[in-house]
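Please find below a brief report on a single protein chain. The sequence and model are shown first.

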Amino acid sequence: MSDDDVLVSARGLQVHFPIRSGVLRRTTGAVRAVDGVDLEVRRGETLGLVGESGCGKSTLGNALLRLVEPTGGTVTFDGTDVTSLSSGDLRRLRRRAGMVFQDPFASLDPRRTVAQTVAEPLEVHGLHPGRRERAARVGELLELVGLDPAVAGRYPHEFSGGQRQRVGIARALAGEPDFLVCDEAIASLDVSVQAQVLNLLRGLQRRLGLTLLFISHDLSAVRHVSDRIAVMYLGRIVEVGPAAAVGSEPQMPYTQALLSAVPVPHPSVERARERIVLRGDVPSPAAVPSGCRFRTRCPSVFEPCDDVDPALQPAGVPGQLAACHLHGVVGTPVAEEAGAAPA
């Protein structure tokens with residue numbers, strides 16, 4: 001794969017938040033929310049980013065757009081180093097990137113009409129400067145996300161959660177972006193509405209040629225919408241690969257545990273299958289374990305895990321990578337070793 005096939009990439013990306021205590025607010029440590037991430041998002045694909053709450057998914061999405069400042073590493077957008085841009089250049093670049101937030105009510109200003117909310121990026125980026133042109137563009141964007149342009153004069157409280165999220169998507173699309181970050185975009189919606197929003201995003205991607213980063217803790221939703229899946233644990237990517245492979249034959253014990261938690265719609269299969277229950281709690285990102293950061297909960301931990309931090313390495317099908325020492329042991333399939341249920 002050439003560099004031209006990659007729209008967004010991160011190399012060694014870190015976002016550490018200092019811990020300060022005492023009267024003098026001295027730095028006594030750091031929360032390592034994102035801790036050395038290498039990631040590529042290819043043009044025209046949907047990359048799903050999945051993991052438990054608190055693993056750093058949202059911080060990573062924000063860092064890719066430099067909504068939070070990276071502590072280390074680099075982010076490249078279409079060949080441009082985002083981390084070195086001035087504020088003016090960064091604003092121009094952000095026209096090419098949009099974001100859909102988790103809570104469609106909190107992300108919309110209750111004092112502004114839908115028209116004002118959707119038109120805001122047009123004003124910021126100097127697009128469609130005339131009032132009539134701007135109003136016409138707002139109507140087009142509302143139609144694009146399945147809303148009647150006649151609702152443009154209403155306020156957020158007059159809409160359902162799913163409709164508010166459609167307004168948020170329309171706003172994210174106003175600058176005609178190439179890249180869209182969807183940060184838990186369906187988490188606060190009813191199940192039936194979640195399916196509608198997922199189908200809307202898939203349709204918009206095909207129609208507009210968008211590149212999507214779809215962040216979620218729900219592996220079943222991520223499998224439904226993604227071309228590839230990246231699994232995150234405690235600030236690191238621990239597995240990445242084609243969605244079909246990661247969603248059916250995961251190579252990392254943590255991914256296997258996530259998959260086992262996804263309900264199977266067939267009752268007899270659901271009753272018979274083995275579940276992987278992880279021991280203990282997720283360690284604090286302020287006190288990351290030595291060696292493999294998953295070793296304190298892993299059902300397959302063995303000697304190298306205590307001291308050696310595993311790098312992503314080929315495992316499973318071509319293009320699938322896992323950060324796990326089990327793949328360095330010849331003839332030891334991860335699924336058998338971890339006691340995972342067959343797919």
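The report covers the annotated domain, a sheet with its packed helix, and one arginine.

This is a predicted model, in which local features need pLDDT of at least 70 and side-chain atom pairs count only at pLDDT 80 or more, while totals for chains, interfaces and linings use all residues. Residues are numbered from 1 along each chain as its sequence is written, and side-chain values use heavy atoms, with hydrogens and water left out.

The unreviewed UniProt entry places "domain: ABC transporter" at residues 19–259. Within that span, 38% is helix and 25% strand, and the end C-alpha atoms lie 34 Å apart. Helices (H or I, at least four residues) and strands (E, at least two) are DSSP runs.

**Sheet.** Four strands form an open sheet in the order β2-β1-β4-β5 with antiparallel pairing; strands pair if DSSP finds at least two bridges between them. Because β2 and β5 stand at the edges with a single partner strand each, one side of each has no neighbour in the sheet. Strands β4 and β5 pair over 2 bridges, and Thr-76 stands opposite Asp-81 in β5. Helix α1 packs on the sheet, touching β1, β2 and β4 (contact: heavy atoms within 4.5 Å). The direction of α1 makes about 120° with that of β1.

| Element | Residues |
|---|---|
| β1 | 6–21 |
| β2 | 26–42 |
| β4 | 72–77 |
| β5 | 80–81 |

**Arg-164.** Arg-164 lies in helix α5 (residues 161–173). Not counting residues up to four places away in sequence, Arg-164 touches Pro-104, Phe-105, Leu-108, Pro-156, His-157 and Phe-159.

Note on methods: Axes fitted to C-alpha atoms, helices over the stretch in contact; angles between N-to-C directions. UniProt positions renumbered as here; feature names shortened; annotations may be inferred.
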